[in-house]
Amino acid sequence: MHLKYIREIIKADVLAYEPGLELEIKTAFGSDLMSDVLAYVEEDTLLITGLTNQQVIRTAEMLDLKAILFVRGKKPCNEMIALAEEKKILLMTTRESLFTVSGILYGNGLRGITL
């Protein structure tokens, strides 16, 4: 699923690395625990989280994730946005909850990771 389409269906705002909207992802994973992200997530996954610290960007970088979606209207600090731009990681935010976003994406054909 293209990230541009995801932005449209969940009404997200882009915070960093807008060219990333042209990329396609295969799965999604929602968590505020970066240890779970490290344990389960693979490339081509959209990370959905409410956690807004630099550990999120560093985790995405380690796993070569190309996009992070912040839920509940959360917005990272300017330093985190700059780091995402530098690492070419798309950052988006939506006012919706993690549960609602997951349901919308699932209903539109995006599946979660395989455990």
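In this predicted model, Ala28 sits opposite Leu46 of strand β3. The two strands concerned are β2, residues 27–30, and β3, residues 45–49, which pair in the parallel sense over four bridges. Helix α5, residues 98–107, packs on the sheet and touches β2, β3, β4 and β6. The direction of α5 makes about 155° with that of β3.

The sheet as a whole is open and has six strands, in the order β1-β5-β4-β3-β2-β6, with mixed pairing. Its edges are β1 (13–16) and β6 (111–112), each of which pairs on one side only. In general, strands of a sheet pair through backbone hydrogen bonds, either parallel or antiparallel.

A further helix, α3 (residues 54–63), lies across β3, β4 (67–70) and β5 (90–93). Relative to β4, α3 runs at about 150°.

Helix α3 also packs against another helix, α4, which spans residues 78–87. Two packed helices are described by the angle between their axes and the distance between the axes. For α3 and α4 the angle is about 10° and the axes are 9 Å apart. Angles under 35 degrees count as roughly parallel, and α3 and α4 are therefore roughly parallel to each other. Their crossing is right-handed. On the α3 side, the contact consists of Gln54, Val56, Ile57, Arg58 and Glu61; these meet Glu79, Met80, Leu83, Ala84 and Lys87 in α4. By class, this contact of α3 with α4 has five nonpolar, one polar and four charged residues.

Most residues other than glycine have a negative phi. Tyr17, in the loop between β1 and β2, has a positive phi near 50°. Asp44, in the loop between α2 and β3, likewise has a positive phi, near 60°. Is each of these residues buried or partly exposed? Tyr17 has a relative accessible area of 19%; because the cut-off for buried is under 20%, Tyr17 is buried. Asp44, at 27% relative accessibility, counts as partly exposed.

Helix α2, residues 34–40, contains Ala39. At 56% relative accessibility, Ala39 counts as exposed, because the exposed class begins over 50%. Ala39 and Gly112 are 73 residues apart along the chain, and their C-alpha atoms are separated by 14 Å.

Methods: Residues are numbered from 1 along each chain as its sequence is written. This is a predicted model: local features need pLDDT of at least 70, side-chain atom pairs count only at pLDDT 80 or more; totals for chains, interfaces and linings use all residues. Side-chain values use heavy atoms; hydrogens and water are left out. Two strands pair if DSSP finds at least two bridges between them. Contact means heavy atoms within 4.5 Å. Axes are lines fitted to C-alpha atoms, for helices over the stretch in contact, and angles run from 0 to 180 degrees between N-to-C directions. Buried means under 20% relative accessible area, exposed over 50%, partly exposed in between (1.4 Å probe, protein chains only). Angles under 35 degrees count as roughly parallel, over 145 as roughly antiparallel, 65 to 115 as roughly perpendicular and the rest as oblique. A crossing is left-handed if the near helix is turned anticlockwise from the far one by less than a right angle, and right-handed if clockwise. Ala, Val, Leu, Ile, Met, Phe, Trp, Tyr, Cys and Pro count as nonpolar, Asp, Glu, Lys and Arg as charged, and the others, Gly among them, as polar.
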